[in-house]
Amino acid sequence: MTQRTPTPEGIALAARKVAEILPRTPLLPLEVDGRTIWCKAESLQPVGAFKIRGAWHRLSALTDEERARGVVGVSSGNHAQGVAWAARRLGIRAAIVMPVDAPEVKLANTRALGAEVVLYDRPGGEDRDEVSQALCAERGATLVHAYADPWVIEGQGSTGLEIAAQLAEQGLAGPDLIVAPCGGGGLTAGLALACPDARIVPVEPEGWDDVCRSLAAGTIVPVGPDAPPTACDALQTPATWPINFAILKDRCPFGLVATPAEVRAAQRLAFAKLRLVLEPGGAAALAAVLAGKVELGERSAVILSGGNTDAAAFAKVLSSRD
């Protein structure tokens with residue numbers, strides 16, 4: 001994988017490229033404890049998640065020779081759909097390494113976009129990076145990592161530039177706080193580069209808080225072997241990578257953890273107040289805010305990162321009372 005460093009200039013380029021093909025997602029006001037927070041509805045992207053940004057920036061930067069050899073992605077579902085969407089638009093063959101226990105809606109949507117799905121045994125401990133790297137070696141394909149890729153980080157960072165532009169249209173300065181769901185750290189690293197004047201707070205699901213613990217320790221700490229099952233499959237990553245942590249350790253003084261009950265409460269509130277369907281991982285940042293785990297700023301933004309959940313699972317959340 002390339003060692004190119006992501007840059008603010010790269011994020012600006014990614015934002016221009018994204019703006020050429022996608023409408024901006026809404027920035028919705030929400031009252032929390034007497035203050036307005038601004039919710040970036042990335043769940044309304046064509047693939048239901050922000051991942052389309054990094055995928056488009058990465059695939060559109062490939063040379064003709066690289067495009068001819070195809071790409072390999074690694075994802076539990078949202079990055080998979082982003083890569084598949086971009087690959088179909090650009091005429092590139094795409095194979096996505098996905099866990100056997102990925103939500104069926106994400107597997108089906110990825111296949112429907114024309115990508116080949118290669119399953120690996122996440123519950124059995126199979127290493128997805130080993131599977132994807134072997135596939136790249138066999139095919140000569142380019143690896144498009146879900147978060148440890150400079151183009152992907154830059155693409156995700158375009159979210160921050162959009163937030164700043166949308167706040168400016170409201171007569172406000174740029175965000176002073178951005179709370180974001182965090183898996184491997186691609187989105188949070190991109191936001192940190194895009195919005196250097198804002199506090200960036202990553203939020204992870206309970207038991208999968210490797211970034212939180214890494215920030216506290218000052219070095220990368222992987223998820224423990226006894227990590228519990230989580231509904232936040234989009235944030236279920238074993239560890240961040242050096243390219244992400246190099247940015248996060250300087251810009252994120254701490255991370256937060258959202259419990260399953262807090263995530264479900266956030267899903268219900270987003271549906272009731274914003275009329276949005278959020279998957280569990282997509283609601284993690286809002287969950288931490290609603291639980292009062294972060295001090296809000298004057299211009300606080302919260303990323304609602306994805307909405308790829310099936311009807312039965314979402315209905316169960318709406319009917320629960322925990």
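Lys51, Ile52, Ala55, Trp56, Leu59 and Ser60 of helix H2 meet Asn78, His79, Gly82, Val83, Trp85, Ala86, Ala87, Arg89 and Leu90 of helix H4, where contact means heavy atoms within 4.5 Å. By class, the residues of this H2 and H4 contact are 9 nonpolar, 4 polar and 2 charged. Here Ala, Val, Leu, Ile, Met, Phe, Trp, Tyr, Cys and Pro count as nonpolar, Asp, Glu, Lys and Arg as charged, and the others, Gly among them, as polar.

A word on the ground rules: this is a predicted model, in which local features need pLDDT of at least 70, side-chain atom pairs count only at pLDDT 80 or more, and totals for chains, interfaces and linings use all residues. Residues are numbered from 1 along each chain as its sequence is written, and side-chain values use heavy atoms, with hydrogens and water left out.

**How H2 and H4 cross**

Two packed helices are described by the angle between their axes and the distance between the axes. For H2 (residues 51–60) and H4 (residues 78–90), the axes come within 8 Å and cross at roughly 40 degrees. Axes are lines fitted to C-alpha atoms, for helices over the stretch in contact, and angles run from 0 to 180 degrees between N-to-C directions. H2 and H4 are therefore oblique to each other; angles under 35 degrees count as roughly parallel, over 145 as roughly antiparallel, 65 to 115 as roughly perpendicular and the rest as oblique. The helices (H or I, at least four residues) and strands (E, at least two) are DSSP runs, numbered from the N terminus.

**Covered elements**

| Element | Residues | Buried |
|---|---|---|
| Helix H2 | 51–60 | 10 of 10 residues |
| Helix H8 | 186–194 | 9 of 9 residues |
| Strand E4 | 94–99 | 6 of 6 residues |

With its 10 of 10 residues buried, H2 is largely enclosed by the rest of the structure. For H8, the cover over its buried residues includes helix H1 (8–21), helix H7 (150–169), strand E7 (177–181), strand E8 (199–205), helix H10 (242–251) and strand E10 (300–304).

In a regular strand the side chains alternate between the two faces of the sheet. In E4, Ala94, Ile96 and Met98 point one way while Ala95, Val97 and Pro99 point the other, and all are buried. Strand E3 (residues 71–74) pairs with E4 in the parallel sense over 4 bridges, and Val71 has Ala94 of E4 as its bridge partner. Strands pair if DSSP finds at least two bridges between them.

**The six-stranded sheet**

An open sheet with mixed pairing is formed by 6 strands in the order E1-E2-E10-E7-E8-E9. Its edge strands, each pairing on one side only, are E1 (27–32) and E9 (256–258). On average, neighbouring strands of this sheet are turned by 30 degrees against each other, direction ignored. Within it, E7 and E8 pair in the parallel sense over 5 bridges, and Ile178 stands opposite Ile200 in E8.

Helices also lie across these strands. H7 lies across E1, E2 (35–41) and E10, running at about 135 degrees to E2. H8 lies across E7, E8 and E10, at about 165 degrees to E7.

**A buried aspartate**

Finally, Asp233 is found in the loop between helix H9 (210–217) and H10. Asp233 is buried, with a relative accessible area of 9%. Not counting residues up to four places away in sequence, Asp233 touches Ser76, Pro103, Lys106, Arg122 and Glu279.

Note on methods:
Buried means under 20% relative accessible area, exposed over 50%, partly exposed in between (1.4 Å probe, protein chains only).
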